[in-house]
Structure formats: C-alpha cells, structure tokens
Amino acid sequence: MLIKQFPVLFRRDIGFRCFATLGMFSSCFNWLRDKIVPKSSISSKPKASEVLTSHLRQRGKPAWTSYFVRYKDVNNDHLALSHFNWQVDGINYHILRTGCYPLLKYHCTRRPYQALDAENAVFTILKIMNLGIPTLAYGLISLMLIQFYEKVPVCDGFVKILFLNREDNTLY
C-alpha cells in the first residue's frame, strides 16, 4: 500500500543516494579539517597514553594519582574509554578518565586487573544522557581551581600536567 502511494521513497536507488550523500559530506569534512588543522600539528603531539605511562613512572608507580592534561597538548587515544585497566611495568591501574573540555581528567588507582567493560559502558551512557554538560562545567571550573603543575617527559620533550592539590607519594 505504501509503495503505491509513495513510490519515490521506496525506489531501489534511494539507499545508494543516501550513501553517496554521506560520502560527499564526509569527504568535504575531511578536506575542511585538513585545511584548518594541518596534519603536522596533530602528529607532533604525544598520545595521552604516553603521558599517562610516563607520569606513573615518574611518580614511582604510586597507589593513586589524579591529574588533568590539556586537550591541545595531547592526542586523545583513549577516546570512548571512561573506565579501563592500564598496565605500567607489570603493575595494573584502574583508570577513570573523562573529557572535561578544555581538559582531560585522569584518576588512577593501583588495583588488580578486573573486567571493567560494564562500568565503562555505564559511565559512557551517563555522559551521553547528560549531553556532556556536567563534564564541561567540571572542566571550566577546574581551570579556575588548578594550582599545581608538573612537567612529564615524553618522546619529543615535556607535557605539562595539572593538579588541583599537591600530591605527596609519602602519604599513601
């Protein structure tokens, strides 16, 4: 019945037209991105995972640590990960990570390996349901409260990581 009333909607080539249109938008986006953000600036930044590992080693593999790093200083290779395991020299850490623009927040706790897929999914769903508004507010407020920083060595130099409180490994 619907096919007879709306034959244009049910033609076989409609799927191809949608696919071609999406492909055109995708290629236009990629072209525009390449013009605005040169590839050299993207590839020259260290990965967030490199900064995480370097910080944990620099601290002597502490029981816990919590820090911020600026989006503009790293390539975010932990995209879509909110709660995950991270190994550093045979020691496992549970990482709670959130993007709180203009910062990335990492909270690291030394704990035995555990399957964290369910928790990661729950945190991701909560962020989507909240439209990222609480994390944006957290990032903007944190900018005003950050008082301490540390330089972490990476392969091409140093990355500045930021802290709300001074961390002292001897306390934990």
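Analyst: Start with residue classes. Ala, Val, Leu, Ile, Met, Phe, Trp, Tyr, Cys and Pro count as nonpolar, Asp, Glu, Lys and Arg as charged, and the others, Gly among them, as polar. By that rule, the lining of the second largest pocket has five nonpolar, seven polar and two charged residues. Note that this is a predicted model.

User: Which residues lie nearest the centre of the second largest pocket, and how many line it?
Analyst: The lining has 14 residues. Ala80, Ser82, Arg97, Gly99 and Lys127 lie nearest the centre. The volume is about 170 Å³. E3 and H5 each supply at least two of the lining residues.

User: What is the volume of the largest pocket, and which elements supply at least two residues each?
Analyst: The volume is about 220 Å³. Strand E3 (91-100), helix H5 (117-129) and helix H6 (133-145) each supply at least two lining residues.

User: Why is isoleucine 161 called buried?
Analyst: Buried means under 20% relative accessible area. Isoleucine 161 has 0% relative accessibility, so it counts as buried. It is found in strand E6 (residues 157-163).

User: Which residues does isoleucine 161 contact, beyond its neighbours within four places in sequence?
Analyst: Contact means heavy atoms within 4.5 Å. On that test, isoleucine 161 is in contact with Val51, His55, Tyr67, Phe68, Val69, Phe148, Tyr149, Glu150 and Val152. There is also a C-alpha distance to note. Arginine 70 is 91 residues away along the chain, yet its C-alpha atom and that of isoleucine 161 are separated by 7.6 Å.

User: How much of the chain counts as buried?
Analyst: The cut-off is again under 20%. Of the 172 residues, 28% count as buried. The chain exposes about 11,500 Å², and carbon and sulfur atoms supply 65% of that area.

User: How many helices and strands are there, and in what order do they run?
Analyst: The chain has six helices and six strands. From the N terminus, the order is α-α-α-α-β-β-β-β-α-α-β-β. Among contacts with a separation of 6 or more, 64% join residues 24 or more positions apart.

Key:
Residues numbered from 1 in each chain as written. Predicted model: local features only at pLDDT ≥ 70, side-chain atom pairs only at ≥ 80, totals over all residues. Heavy atoms only, no water. 1 Å grid on protein atoms, 1.4 Å probe; cavity = no way out; pocket = protein on both sides within 12 Å on 5 of 7 lines; lining within 4 Å. Points joined across faces, edges and corners; volume = space filled by probe spheres on them. Helix = DSSP H or I, 4+ residues; strand = E, 2+ residues; numbered from the N terminus. Buried < 20%, exposed > 50% of the residue type's maximum accessible area, 1.4 Å probe, protein only. Areas by Shrake-Rupley, 256 points an atom, 1.4 Å probe, with all protein chains shown as cover.
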